[in-house]
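Hi,

Here is the structure I promised to pass on to you. Have a look at it first, and then read on for what I found.

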Amino acid sequence: MGKARKPIQIVILFLILLLGGYAIGSSVFGGDGKPREGGRAPDFELLGLDGVTHTLEEYKGKSVVLNFWGSWCAPCVKEMPALQAQWEKWKDQGVVVVGVNVGEDQMTVDNFVKLVDIDFPVVMDTGRDAVRSYGVSPLPTTFFINTKGKVDSIHIGQLDLSSLDEQIGKLVGE
């Protein structure tokens, strides 16, 4: 009778370990892996228009406005002047605006950036890796990341000058 219980005990132990691992992983990394307000912002490694690979880690100690956009997205296009204005206002106070273009080729992105006259850093997520790790849908989506690398707030949809200024002011005021 003792031999018959051994395989059952092994199966039960395996299930307990599996469920425990899942519970710990979910609490540490979040249930679906997407960043939430108060959670750590995922790092990325994306090619910039300057020809250099950029990461979120390089902005450590700064407040980051991470804006996901596409040139075909009308609300994205409309918010570009506000992002540029806030970049110019806050860049000397430790704030970085980073535009993450979603899925377009370098020539398209480069032409668009020149057309709308922005000079904040722009990186290209051609493989949509950052979109997946940030759980972005729809565009535009903006993550406000504090100096500790945590997501302070997430804004889905078009930002205007005053709401952008208010969000950045909260980041800097921390």
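Let me begin with aspartate 117, which counts as exposed because its relative accessibility is 60% and the cut-off for exposed is over 50%. Do keep in mind that this is a predicted model. Aspartate 117 sits in the loop between H3 and E5, and its phi is near 60 degrees, a positive value in a residue other than glycine.

Arginine 128 also has a phi near 60 degrees, again positive and again not in a glycine. You will find arginine 128 in the loop between E5 and H4. With a relative accessible area of 39%, arginine 128 is partly exposed.

Next, strand E5 itself, residues 122-125. In a regular strand, side chains alternate between the two faces of the sheet. Here Val122 and Met124 point one way from E5, while Val123 and Asp125 point the other way. Which of these are buried? All of them are, Asp125 included.

What does E5 pair with? Strand E1 (residues 45-48) runs antiparallel to E5 and is joined to it by two bridges; leucine 47 has methionine 124 in E5 as its bridge partner. Strand E4 (residues 95-102) pairs with E5 in the parallel sense, over four bridges, and there glycine 99 has valine 122 as its bridge partner. Between E4 and E5 the chain passes through helix H3 (residues 106-116), making a right-handed β-α-β crossover.

On to the helices. Two packed helices are described by the angle and the distance between their axes. For H2 (residues 74-90) and H5 (residues 161-173), the axes come within 9 Å and cross at roughly 35 degrees, and the crossing is right-handed. On the H2 side, the contact is made by Ala82, Leu83, Ala85, Gln86, Lys89 and Trp90. These meet Leu161, Leu164, Asp165, Ile168, Gly169 and Val172 in H5. By type, the residues of the contact of H2 with H5 divide into eight nonpolar, two polar and two charged.

Finally, please look at the loop between helix H4 (129-134) and strand E6 (141-145), where proline 138 is found. The peptide bond from serine 137 to proline 138 is cis, with omega near -5 degrees. Proline 140 is in the loop between H4 and E6 as well, and a cis peptide bond joins leucine 139 to proline 140, with omega about -10 degrees.

Happy to go through any of this with you.

Best wishes

Technical notes:
Residues numbered from 1 in each chain as written. Predicted model: local features only at pLDDT ≥ 70, side-chain atom pairs only at ≥ 80, totals over all residues. Heavy atoms only, no water. Buried < 20%, exposed > 50% of the residue type's maximum accessible area, 1.4 Å probe, protein only. Pairing = 2+ DSSP bridges. Right-handed = clockwise from strand over helix to strand, strands pointing away. Axes fitted to C-alpha atoms, helices over the stretch in contact; angles between N-to-C directions. Left-handed = near helix turned anticlockwise from the far one by under 90°. Contact = heavy atoms within 4.5 Å. Nonpolar A, V, L, I, M, F, W, Y, C, P; charged D, E, K, R; others polar.
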